[in-house]
Amino acid sequence: MTTTARELGRRFHAALITGDWPAIRSMLHDNATWTLPGDNTISGTVVGADAVVDRARKIASYGPSFELLHILVSRENMALSLHNTAQRPDAILDEHLTTVCRLRDGRIADIETYLSDVPGMNAFFV
């Protein structure tokens, strides 16, 4: 499973940075979820593959750089370690995060993101 998980992580990151939303959709189970901490426009849990894609699209619309630091794998799951940065006139985003993807049958069933700077994320994603 680890080779498949690692490849899925590479494909997910590549689709995110290129805005290939159909590719992300194809990697998800129909009832996939994504949970993000904080209290802002992208926080909380979304349910359903289309909602997950919409969230990825919304995050990308703020213009962050998604620098891939590591793809981490467990026996059955994978995680992306990222450094996201972006700047607006009134806010700066500079966060390290890990997005943990729980896999089922070679596709993403659940995503949970852990952040280094929740207050910074709240200030940026208004």
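Me: Buried means under 20% relative accessible area, exposed over 50%, and partly exposed in between (1.4 Å probe, protein chains only). Why does Asp-54 count as partly exposed?

Reply: Asp-54 has 45% relative accessibility. That value lies between 20% and 50%, so Asp-54 is partly exposed. This is a predicted model, where local features need pLDDT of at least 70, side-chain atom pairs count only at pLDDT 80 or more, and totals for chains, interfaces and linings use all residues. Residues are numbered from 1 along each chain as its sequence is written, and side-chain values use heavy atoms, with hydrogens and water left out.

Me: What makes Asp-54 and Arg-57 a salt bridge?

Reply: A salt bridge needs a side-chain nitrogen of Lys or Arg within 4 Å of a carboxyl oxygen of Asp or Glu. Here N to O is 3.4 Å, so the pair qualifies. Both residues lie in helix 3, 3 residues apart, about one turn of the helix. Arg-57 is partly exposed, at 38%.

Me: Why are Glu-7 and Arg-10 separated by about one helical turn?

Reply: Because they are 3 residues apart in helix 1 (residues 2-18). Helices are DSSP runs of H or I, at least four residues; strands are runs of E, at least two; both are numbered from the N terminus. The side chains of Glu-7 and Arg-10 also meet in a salt bridge, at 3.9 Å from N to O. That is within 4 Å, so the bridge counts. By this rule the count comes to 6 salt bridges.

Me: How do you know that His-83 is buried?

Reply: Its relative accessible area is 17%. That is under 20%, so His-83 is buried. His-83 lies in strand 4.

Me: What makes the pair of His-83 and Asp-94 side chains a polar contact?

Reply: A polar contact is a pair of N or O atoms within 3.5 Å; within protein, one must be able to donate a hydrogen and the other to accept it, and residues adjacent in sequence count only if both atoms are side-chain atoms. The two side chains make such a contact at 2.5 Å.
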